[in-house]
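Grab a pencil and work through these exercises one at a time. Each task comes with a solution that goes step by step.

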Amino acid sequence: MGTSLILSDLGTEIIIPVCALVGIVFSLFQWFLVSKVKLSLDGSGGKNAFTESLIEEEEGINDHNVVQKCAEIQNAISEGATSFLLTEYKYVGIFMVVFAFIIFLFLGSVDGFSTSSQPCTYNITKQCKPALFTAIFSTVSFILGAVTSVISGFLGMKIATYANARTTLEARKGVGKAFIVAFRSGAVMGFLLAANGLLVLYITINLFKIYYGDDWEGLFEAITGYGLGGSSMALFGRVAGGIYTKAADVGADLVGKVERNIPEDDPRNPAVIADNVGDNVGDIAGMGSDLFGSYAESSCAALVVASISSFGNNHEFTSMMYPLLISSVGILVCLLTTLFATDFFEVKTVKEIEPALKNQLIISTILMTIGIALVSWIALPSSFTIFNFGAQKEVKNWQLFLCVCVGLWAGLIIGFVTEYYTSNAYSPVQDVADSCRTGAATNVIFGLALGYKSVIIPIFAIAISIFVSFTFAAMYGVAVAALGMLSTIATGLAIDAYGPISDNAGGIAEMAGMSHRIRERTDALDAAGNTTAAIGKGFAIGSAALVSLALFGAFVSRAEITTVDVLTPKVFIGLIVGAMLPYWFSAMTMKSVGSAALKMVEEVRRQFNTIPGLMEGTAKPDYATCVKISTDASIKEMIPPGALVMLTPLIVGYFFGVETLSGVLAGSLVSGVQIAISASNTGGAWDNAKKYIEAGASEHARSLGPKGSDPHKAAVIGDTVGDPLKDTSGPSLNILIKLMAVESLVFAPFFAAHGGLLFKIF
């Protein structure tokens with residue numbers, strides 16, 4: 001070891017698991033605070049229970065019925081979400097077993113399943129562990145990643161369905177109280193996920209080290225399976241959840257709001273439970289798995305590149321763990337940041353909600369900058385070398401610090417640009433709302449234009465961060481820039497999960513027949529939540545771009561390609577086909593939403609026409625059938641898009657070889673990012689333009705009409721068109737980009753040895 005570090009290896013081995021455990025304890029504590037809001041009527045809380053409810057006399061009319069109704073509705077939503085996820089996981093579990101077998105077969109066959117040691121890929125003088133064992137360990141880490149991803153999504157959904165009715169009940173006391181419950185529950189999910197991802201990855205590395213010993217190159221190659229497992233589950237979760245939620249949403253809106261003129265989330269609407277279940281399985285379970293996947297992959301990409309740099313060659317454990325140390329500090333930073341929203345400054349009025357959520361981003365970014373500086377100072381030698389396509393490049397520790405920061409701040413910029421384009425406080429959304437005067441067509445035109453325009457600044461932000469990080473520290477720089485963007489994942493997820501929770505709370509208020517004032521409060525929470533959800537998607541897409549570029553770099557190094565030349569036909573055909581894949585994928589997911597929504601619309605119409613007394617509110621609709629339609633459709637329809645993403649790298653790598661595959665990865669990255677950003681922002685803007693007209697908070701909004709006016713109907717159509725864009729295709733695309741890259745990396749040894757069949761024949 002050339003340089004002694006301030007942080008010893010033992011210190012590293014203590015800090016990482018301790019930070020993860022602190023995150024888990026903190027999230028359980030937040031969950032405990034949320035659970036203090038009671039949903040049952042056992043007179044708990046003694047004399048206190050009555051003094052609080054006296055704040056608003058008129059709410060106290062049929063208090064017991066309201067609480068009971070809320071509990072019933074919450075139960076229905078929770079059951080629907082749980083049964084859907086369990087069905088989905090059954091199918092995904094089968095896929096997991098099959099794919100684990102494929103990984104083992106392909107990677108094991110690299111060396112003909114021999115158990116003797118082989119020379120290392122990057123340093124032929126040394127002996128490394130046999131390929132067969134790397135195949136076994138890759139398979140194990142794939143399964144671990146997949147299981148962690150599934151658990152993350154499931155826990156998130158459980159917490160969200162636990163908190164939604166509690167948020168509604170707290171809204172009776174005031175908007176601030178409701179905000180805190182929704183935000184705390186989001187924090188539970190954020191911290192559980194960040195801490196779990198870190199802990200499992202750390203334990204896996206340490207267990208694998210027992211076998212691999214000094215062969216770090218093989219060790220971290222096997223760890224990449226963790227990222228692949230995380231993201232492949234996220235893909236199915238995102239696609240299935242997205243199809244589920246939007247089929248229900250579009251079906252409920254088209255018949256309820258446009259044809260029957262009943263408000264959103266009206267209990268008479270048969271699709272209303274399915275709609276609320278959808279928010280949980282799509283936005284919460286899907287988003288959770290998605291960001292977990294990004295996090296696992298950027299860690300894997302950084303570790304793979306580091307293992308063949310000076311950190312790995314000299315076996316410097318602390319420097320090697322730099323990516324995990326950043327995440328550990330991130331958990332502590334987010335913990336402090338969360339306290340700012342819940343304890344240091346209390347939200348009292350509606351106007352304070354959005355600023356409170358935006359401050360979360362700013363505070364966490366500023367604190368994190370200090371945290372990264374600290375980690376870079378204590379965990380890195382002052383100068384070291386990084387593997388750069390066959391050569392070693394010398395890097396200083398301050399340069400690596402800047403790489404992480406550039407990713408972190410790019411994330412903040414993308415977040416704010418997204419907010420500017422999707423929040424109804426700014427002119428872009430207000431212009432879209434204004435265009436509803438002349439009908440739905442102009443609304444659609446303006447919305448699409450807004451989405452395309454909103455791509456410009458995020459792309460520049462991503463481009464600058466790639467340039468800076470690559471110039472300083474090659475591919476390792478890009479990987480840690482992605483980690484920088486994701487280092488505040490706990491806060492990012494908290495404000496992201498907050499959205500669907502408050503959306504559900506509004507739905508429950510409407511269904512339980514609470515007063516108009518409560519619904520206004522939950523709507524205010526929900527409008528802020530729409531924007532934060534868009535910010536969360538912006539983060540996910542930006543980090544996906546950086547992550548997949550880093551994985552691409554690791555893949556190119558592992559497949560032993562020195563340059564990727566666009567002018568060779570092999571690469572160029574890959575590029576152009578890769579750029580087409582996001583369109584093919586979007587076509588599949590959009591069509592799935594469309595056909596599922598069609599079934600839903602027919603079912604909802606059938607119930608309105610055949611159940612007597614449904615419109616009058618004397619008969620209850622059949623919610624279960626609608627839930628079943630959504631479930632069946634999404635499970636059936638998640639297979640083709642999933643297969644497209646999972647099979648493309650295998651087919652291209654096997655038949656056309658690594659050069660063409662590198663073209664496909666680059667092409668899908670370049671086109672996927674653009675479509676993903678524009679789709680999410682267009683959808684978010686349409687949704688908030690509709691909310692802007694409904695809320696009628698300004699003179700301009702009131703001139704566009706109350707609910708049910710022509711401009712409002714045009715806005716609802718825009719919102720409905722935008723639903724599959726912002727919640728199905730857009731967010732799933734970032735997984736497509738990452739997943740193809742990480743899969744190529746995992747199978748790189750096989751493709752390098754046996755790929756390119758077609759070109760070998762000719």
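A residue is buried when its relative accessible area is under 20%, exposed when over 50%, and partly exposed in between (1.4 Å probe, protein chains only). This is a predicted model, where local features need pLDDT of at least 70 and side-chain atom pairs count only at pLDDT 80 or more, while totals for chains, interfaces and linings use all residues. Residues are numbered from 1 along each chain as its sequence is written, and side-chain values use heavy atoms, with hydrogens and water left out.

**Exercise 1.** Work out whether Ala-474 is buried or exposed, then look at its phi.

*Solution.* Start with the place: Ala-474 sits in helix α15 (residues 456–486). Helices here are DSSP runs (H or I, at least four residues), numbered from the N terminus. Next, the relative accessible area of Ala-474 is 0%, so this residue is buried. Finally, its phi is positive, about 50 degrees, even though Ala-474 is not a glycine. For background, most residues other than glycine have a negative phi.

**Exercise 2.** Find where Asn-261 lies and give its phi.

*Solution.* First, find the loop between α6 (216–259) and α7 (272–307): Asn-261 is in there. Then check the angle: phi of Asn-261 is near 60 degrees, a positive value in a non-glycine residue.

**Exercise 3.** Is Tyr-452 buried or exposed?

*Solution.* Locate Tyr-452 in helix α14 first. Its relative accessibility is 55%, so Tyr-452 counts as exposed. Now try a distance: Pro-582 is 130 residues away along the chain, and the two C-alpha atoms are separated by 16 Å.

**Exercise 4.** Describe helix α21 from length to ending.

*Solution.* Begin with the span: α21 has 38 residues and reaches 54 Å from first C-alpha to last, close to the expected 56 Å. That expected span is 1.5 Å times one less than the number of residues. Next comes cover: 33 of the 38 residues of α21 are buried. Last, Gly-696 follows α21 and has a positive phi, near 55 degrees.

**Exercise 5.** Which helix has the lowest confidence, and which the highest?

*Solution.* The chain mean is 87, and 96% of residues reach 70 or more. Confidence is lowest in helix α2 (residues 48–53), with a mean of 42, and highest in helix α14 (residues 440–453), at 95.

Terms used
Helix = DSSP H or I, 4+ residues; strand = E, 2+ residues; numbered from the N terminus. pLDDT = per-residue confidence, 0-100.
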